[in-house]
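Reader: Let us go through this fold by question and answer. Please show the sequence and the structure.

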Amino acid sequence: MTQENTVISILFINGMEIIGRFVSETNVELKVYKPRMAQMSEQGVGLIPSITATGKEIDGEFTFSKNSIMYYTESVDQMVTGWQQQTSGLIAPAKSSIIS
């Protein structure tokens, strides 16, 4: 069972992928906070601040029907960081290292 506040990646039956923070689920619905659409580009995966290419940003919770979802899983760390930066406006500092 997914814990609340975990950033998840949702794969839909049409191939679309959405990333957002897990809020809750029932047998028929999945609720996420600030969903963003993942989009591939030459530079890698980017996040569109919406759930459609031309739609308005969803700045709160959104409920998806599980009829259209193939599966969802916890997002990889790089995508979690990207989602957090985009939704909070805060940029995480780069990891520092000590050179001896």
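**Salt bridges, helix and surface**

Author: The side chains of Lys-34 and Asp-59 form a salt bridge, at 3.3 Å from N to O. This pair connects distant parts of the chain, with Lys-34 in strand E3 and Asp-59 in the loop between E4 and E5, 25 residues apart. The model is predicted.

Reader: Is Lys-34 buried or exposed?

Author: The cut-off for buried is under 20% relative accessible area. Lys-34 has a relative accessible area of 11%. Lys-34 is therefore buried.

Reader: Which residue meets Glu-57 in a salt bridge?

Author: Glu-57 sits in the loop between E4 and E5, and its partner is in strand E3, 21 residues apart. Glu-57 is partly exposed, at 45% relative accessible area. The two side chains meet at 2.7 Å, N to O, and the partner is Arg-36.

Reader: What is the relative accessible area of Arg-36?

Author: Arg-36 lies in strand E3. The residue is buried, and the cut-off for that is under 20%. Its relative accessible area is 1%.

Reader: How many residues apart in sequence are the parts tied together by Lys-66 and Glu-25?

Author: The side chains of Lys-66 and Glu-25 meet in a salt bridge of 2.4 Å, N to O. Lys-66 lies in the loop between E5 and strand E6 (69–74), and Glu-25 in strand E2, so the pair ties together parts whose separation in sequence is 41 residues.

Reader: How many salt bridges does the count come to?

Author: The pairs include Lys-66 with Glu-25, and Lys-34 with Asp-59. Glu-57 with Arg-36 is also one of them. The count comes to four.

Reader: Turn to the helix. What span does H1 reach from its first C-alpha to its last?

Author: H1 covers residues 77–88, twelve residues. At 1.5 Å a residue, the expected span is 16 Å. H1 comes close to that, reaching 16 Å.

Reader: Which residue follows H1?

Author: H1 ends at residue 88. The next residue has a positive phi, near 85°. That residue is Gly-89.

Reader: What separates the C-alpha atoms of Glu-61 and Tyr-33?

Author: Glu-61 is in strand E5, and is partly exposed at 49%. Leaving aside neighbours within four places in sequence, its contacts are Val-23, Lys-31, Val-32 and Tyr-33. Glu-61 and Tyr-33 are 28 residues apart along the chain, yet their C-alpha separation is 4.2 Å.

Reader: Which residues form a nonpolar patch on the surface?

Author: One member is in the loop between E1 and E2, and is exposed at 58%. Together the patch has about 350 Å² of accessible area, and its residues are Ile-13, Met-70 and Tyr-71.

Technical notes. Residues numbered from 1 in each chain as written. Predicted model: local features only at pLDDT ≥ 70, side-chain atom pairs only at ≥ 80, totals over all residues. Heavy atoms only, no water. Helix = DSSP H or I, 4+ residues; strand = E, 2+ residues; numbered from the N terminus. Expected span 1.5 Å × (residues − 1). Buried < 20%, exposed > 50% of the residue type's maximum accessible area, 1.4 Å probe, protein only. Contact = heavy atoms within 4.5 Å. Patch = residues over 30% accessible without salt bridge, like charges linked within 9 Å, V, L, I, M, F, W, Y side chains within 5 Å. Areas by Shrake-Rupley, 256 points an atom, 1.4 Å probe, with all protein chains shown as cover.
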